[in-house]
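Dear colleague,

Please find below the structure that I am handing over to you.

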Amino acid sequence: MIFKSDETVLYLLTDIVNLSFSSGLFLTSCKNAVVTPVLKKNGLDCEELQNFRPISNLSFISKLIERIASAWLTDQLAKSGWLHPFQSAYRKLHSTETAIYRVVSDWRKWLDSGMSVCVVSLDITAAFDTVNHQFL
């Protein structure tokens, strides 16, 4: 197929996305991914399958539909007031930095008012290494 202009590609992509949303169907071809095994940590045995994490790369159309759906859903949740005011993940102008700033600010406020602050910190970086991926 030869496209005459960028607008033609835009119209084609818009039609595909709109058709997916209006029909409630996701193209079967968009469900296929190229899976690349990546070693979880340097130094692990490369012969053991459980030492690898599967990374799935989806097609451009799949990612486009996913991003548009995510943006629409996030916008609807924000407009409806269903998002917690301190929800930081997956929101514009909210990040781990703003979340940390808020927590540290609260700690300082409580300490300045004479209250005690107790902090428990957990390292869960390897938490999913113990998940049975075949069962999952």
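**Salt bridges and cysteines**

K79 is exposed, with a relative accessibility of 63%. Please bear in mind, for this residue and for everything below, that the model is a predicted one.

K79 is also a partner in a salt bridge: its side chain meets that of D75, with 3.2 Å from N to O. The two residues, D75 and K79, are four residues apart in helix α2, so about one helical turn separates them. D75 is partly exposed, at a relative accessible area of 34%, whereas K79 counts as exposed.

How many salt bridges does a search of the whole structure find? The search gives three.

The remaining salt bridge to report is formed by the side chains of D106 and R102, at 3.1 Å from N to O. These residues lie in helix α3, which comprises residues 96-112. D106 and R102 are four residues apart in that helix, about one turn.

Is D106 buried or exposed? D106 counts as buried, because its relative accessibility is 15% and buried means under 20%.

I turn now to the cysteines. A disulfide is a covalent bond between the sulfur atoms of two cysteines. In this model the count of disulfides comes to zero, by the rule that the two sulfur atoms must be within 2.5 Å. As for surface exposure, C46 is exposed, with a relative accessible area of 51%. The cut-off matters for this residue: exposed means over 50%, so C46 falls in that class. C118 is exposed as well, with a relative accessible area of 72%.

In brief, the handover covers three salt bridges and a disulfide count of zero.

Yours sincerely,

A colleague

Technical notes. Residues are numbered from 1 along each chain as its sequence is written. This is a predicted model: local features need pLDDT of at least 70, side-chain atom pairs count only at pLDDT 80 or more; totals for chains, interfaces and linings use all residues. Side-chain values use heavy atoms; hydrogens and water are left out. Buried means under 20% relative accessible area, exposed over 50%, partly exposed in between (1.4 Å probe, protein chains only). A salt bridge is a side-chain nitrogen of Lys or Arg within 4 Å of a carboxyl oxygen of Asp or Glu.
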